[in-house]
Amino acid sequence: MSWKASLSRHLPVLRFFACIESPSSKGVIEFYKSNYGVLKQLNPTMPLLLRTGENVMPAITTELDFTTDHLLTYMIETERFKNPNGTIAEDRVEAAKAYLQTDWALLRQERWSSPGFDPEKPFVEEERPDWREDPQIQQDLALYLELKDAADEQMRIIQSGPNKEYQRAENSLLLCQRVDLWCAGSLEVERAVKHLLVLGKKFNDLEPDFPEFITEFYPGAADL
């Protein structure tokens with residue numbers, strides 16, 4: 001019961017997919033029907049959606065807040081950086097490791113080191129195409145430019161892999177938001193929901209789902 005009450009604190013939504021006429025979706029439909037009331041009572045603001053269609057693959061999906069750091073860590077750990085001959089691409093691996101070491105807090109701080117100028121302002125390259133040649137801006141933003149240019153070059157190397165290596169790794173990581181449940185029973189569906197909850201605790205940073213009204217009241221001291 002406790003894990004059911006914590007769903008909305010770590011997952012923004014749960015989507016159940018099933019084919020009403022297919023026996024392969026029986027477990028998903030049974031779990032949804034038997035648990036919807038309890039789950040909705042414990043997570044009133046969380047969407048619990050059932051999508052049905054002909055010959056639909058039974059599955060559960062949610063939304064996980066993967067970042068670029070998560071993607072690069074995933075690519076390193078699963079050895080996704082490879083050359084056309086199958087060997088590990090050491091240059092892209094080193095670039096990914098260097099990118100993961102970027103001090104983003106310092107970069108955000110140094111962004112404002114030049115009074116009255118924002119290097120990340122929209123259309124700044126159109127309004128002031130020669131701003132990098134300004135001696136005062138160069139001096140004020142020296143550290144920012146060093147960090148920003150290094151991160152941009154590292155990302156260029158990371159994304160230079162063959163066969164859309166980076167994009168395919170992105171798609172592979174996004175598939176972690178989905179659990180296929182072909183011919184699964186209710187118990188397997190429950191385990192799949194718990195699995196997504198574990199991922200939500202690791203990757204999502206949601207606001208606590210506080211009630212919109214007072215549920216308990218404790219009176220003050222009697223002598224006040």
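1. E79 sits in the loop between α4 and α5; helices (H or I, at least four residues) and strands (E, at least two) are DSSP runs, numbered from the N terminus. Please look at its backbone: phi is positive, about 55 degrees, although E79 is not a glycine. Most residues other than glycine have a negative phi. E79 counts as partly exposed because its relative accessibility is 47% (buried means under 20% relative accessible area, exposed over 50%, partly exposed in between, with a 1.4 Å probe and protein chains only).

2. A word on the model. It is a predicted one, where local features need pLDDT of at least 70 and side-chain atom pairs count only at pLDDT 80 or more, while totals for chains, interfaces and linings use all residues. Residues are numbered from 1 along each chain as its sequence is written, and side-chain values use heavy atoms, with hydrogens and water left out.

3. N163 counts as exposed because its relative accessible area is 60%.

4. Next, the helix pair. How do α4 and α5 cross? The axes of α4 (residues 68-77) and α5 (residues 90-100) come within 10 Å and cross at roughly 145 degrees; axes are lines fitted to C-alpha atoms, for helices over the stretch in contact, and angles run from 0 to 180 degrees between N-to-C directions. The crossing is left-handed, that is, the near helix is turned anticlockwise from the far one by less than a right angle. From α4 the contact uses T68, D69, L72, T73 and I76, and from α5 it uses V93, A96, K97, Y99 and L100 (contact means heavy atoms within 4.5 Å). By class, six of these residues are nonpolar, two polar and two charged.

5. A polar atom of the T102 side chain lies 2.8 Å from the backbone oxygen of Y99. Leaving out residues up to four places away in sequence, T102 touches A151 and Q154.

6. The loop between β1 and α3 holds both S25 and I20. Which of them is buried, and which exposed? S25 is buried, because its relative accessibility is 0%, whereas I20 is exposed because its value is 63%. The S25 side chain reaches the backbone nitrogen of C19 at 3.0 Å, and beyond its neighbours within four places in sequence S25 contacts A18, C19, V56 and P58. With residues up to four places away not counted, I20 touches I29 and T52.

7. Beyond its neighbours within four places in sequence, L7 is in contact with L14, L39, N43, M46, V193 and L197.

Key
Nonpolar A, V, L, I, M, F, W, Y, C, P; charged D, E, K, R; others polar. Polar contact = N/O pair within 3.5 Å; in protein donor to acceptor, adjacent residues only side chain to side chain.
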